[in-house]
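The chain and its coordinates come next.

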Amino acid sequence: AAGVARPAVVVTKASVVSDWYLKYCKSAPDAKAAYYGADRGLWHGAKAEKVPAYLDGTQPADFGFDPMALGKKGGDDLAKLSEQEVIHGRFAMMAVTGMVAPEFSASLFENADDAVWYNVGKTILSGPIDFVGDSSLVHASNLYAVIAVQFVAMQLSEYYRAKGGPLGEAAGAYPGGAFDPMGFADDEEAFAELKVKEVKNGR
């Protein structure tokens with residue numbers, strides 16, 4: 001609201017990026033209280049007494065909403081569902097990027113009309129598609145072959161990830177290290193809020 005001072009956020013850790021995030025981008029003065037636990041914000045209209053007991057605020061972006069009771073087993077099952085939502089959300093965000101980016105850059109290539117995502121399937125049925133207009137890169141001429149290759153590639157990569165991937169099963173959805181080169185997880189408070197924002201963006 002106008003005239004209300006935003007609570008000060010204390011920058012605590014060494015990472016330049018996480019410090020910058022805490023100083024300029026952090027939404028809640030206390031992310032753990034705002035997004036986790038019994039006193040967290042709930043979905044619009046929900047009352048605490050109507051929220052299922054298994055939705056206790058331990059998972060990121062748990063706003064007490066589970067109309068189909070998918071997480072009623074709780075515990076590890078709920079944690080697995082939460083991790084799967086993060087993975088699916090990441091794929092969805094990459095897909096949106098893959099749809100939007102060609103439209104912004106289509107004018108740079110000879111096959112501008114083919115670059116628009118909703119024309120690709122139609123175009124490949126009437127003739128081959130060259131990736132960025134260069135037949136020496138990817139020369140796609142069979143829609144069913146493209147679908148088959150994508151299906152197999154996704155199945156293999158997901159199987160590899162489900163079996164632990166390059167960092168082992170314990171790494172989960174937030175392995176850190178080389179997968180966090182900008183140090184967003186260096187500060188526990190910033191990391192707690194960023195996990196919520198990632199799920200919300202994925203949704």
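**Core, surface and charged pairs**

The largest nonpolar core has 10 residues: Ala31, Tyr35, Tyr36, Ala61, Phe63, Val86, Ala173, Ala192, Val196 and Val199. A nonpolar core here is a set of buried Ala, Val, Leu, Ile, Met, Phe, Trp, Tyr and Cys residues joined through side-chain atoms within 4.5 Å. Buried means under 20% relative accessible area, exposed over 50%, and partly exposed in between, with a 1.4 Å probe and protein chains only. At least two residues of this core come from each of α2 (31-35) and α7 (188-202), and α7 gives the most, with 3 residues. Helices are DSSP runs (H or I, at least four residues), numbered from the N terminus.

The model is predicted; local features need pLDDT of at least 70 and side-chain atom pairs pLDDT 80 or more, while totals for chains, interfaces and linings use all residues. Residues are numbered from 1 along each chain as its sequence is written, and side-chain values use heavy atoms, without hydrogens and water.

Ala192 touches Lys32 and Tyr36, not counting residues up to four places away in sequence; contact means heavy atoms within 4.5 Å. Val199 lies in helix α7 and is buried, at 6% relative accessibility. With neighbours within four places in sequence left aside, Val199 is in contact with Pro60, Ala61, Glu85 and Val86. Val199 and Glu85 are 114 residues apart in sequence, yet their C-alpha atoms are 7.4 Å apart in space.

Which residues of helix α5 are buried? In α5 (residues 117-126) they are Asn119, Thr123 and Ile124. These three lie on the same side of α5 because they cover an arc of only 130° around the axis, the arc being that of the directions from the helix axis to the C-beta atoms. Tyr118, Lys122 and Leu125, on the other side of α5, are exposed.

On the surface, Met68, Leu70 and Leu81 form a nonpolar patch with about 320 Å² of accessible area together. Such a patch joins nonpolar side chains (Val, Leu, Ile, Met, Phe, Trp, Tyr) within 5 Å, from residues with over 30% relative accessible area and no salt bridge. The areas come from the Shrake-Rupley method with a 1.4 Å probe. Leu70 sits in the loop between α2 and α3 (75-105) and is exposed, at a relative accessible area of 56%.

Side chains of opposite charge can pair when their charged atoms come close. A salt bridge is counted when a side-chain nitrogen of Lys or Arg is within 4 Å of a carboxyl oxygen of Asp or Glu, and by this rule there are 4 salt bridges. One of them joins Asp62 to Arg40, with the closest N and O atoms 3.4 Å apart. Both residues lie in the loop between α2 and α3, so the pair ties together parts that are 22 residues apart in sequence. Asp62 is buried at 7% relative accessibility, and Arg40 is buried at 6%. Asp62 is also in contact with Leu55, Asp56 and Gly57, among residues beyond four places in sequence.

Another salt bridge joins Glu85 to Arg203, with the closest N and O atoms 2.6 Å apart. Glu85 is in helix α3 and Arg203 in the segment after α7, so this pair ties together parts that are 118 residues apart in sequence. Glu85 is partly exposed, at 30% relative accessible area, whereas Arg203 is exposed, at 54%.

Conventions. Patch = residues over 30% accessible without salt bridge, like charges linked within 9 Å, V, L, I, M, F, W, Y side chains within 5 Å.
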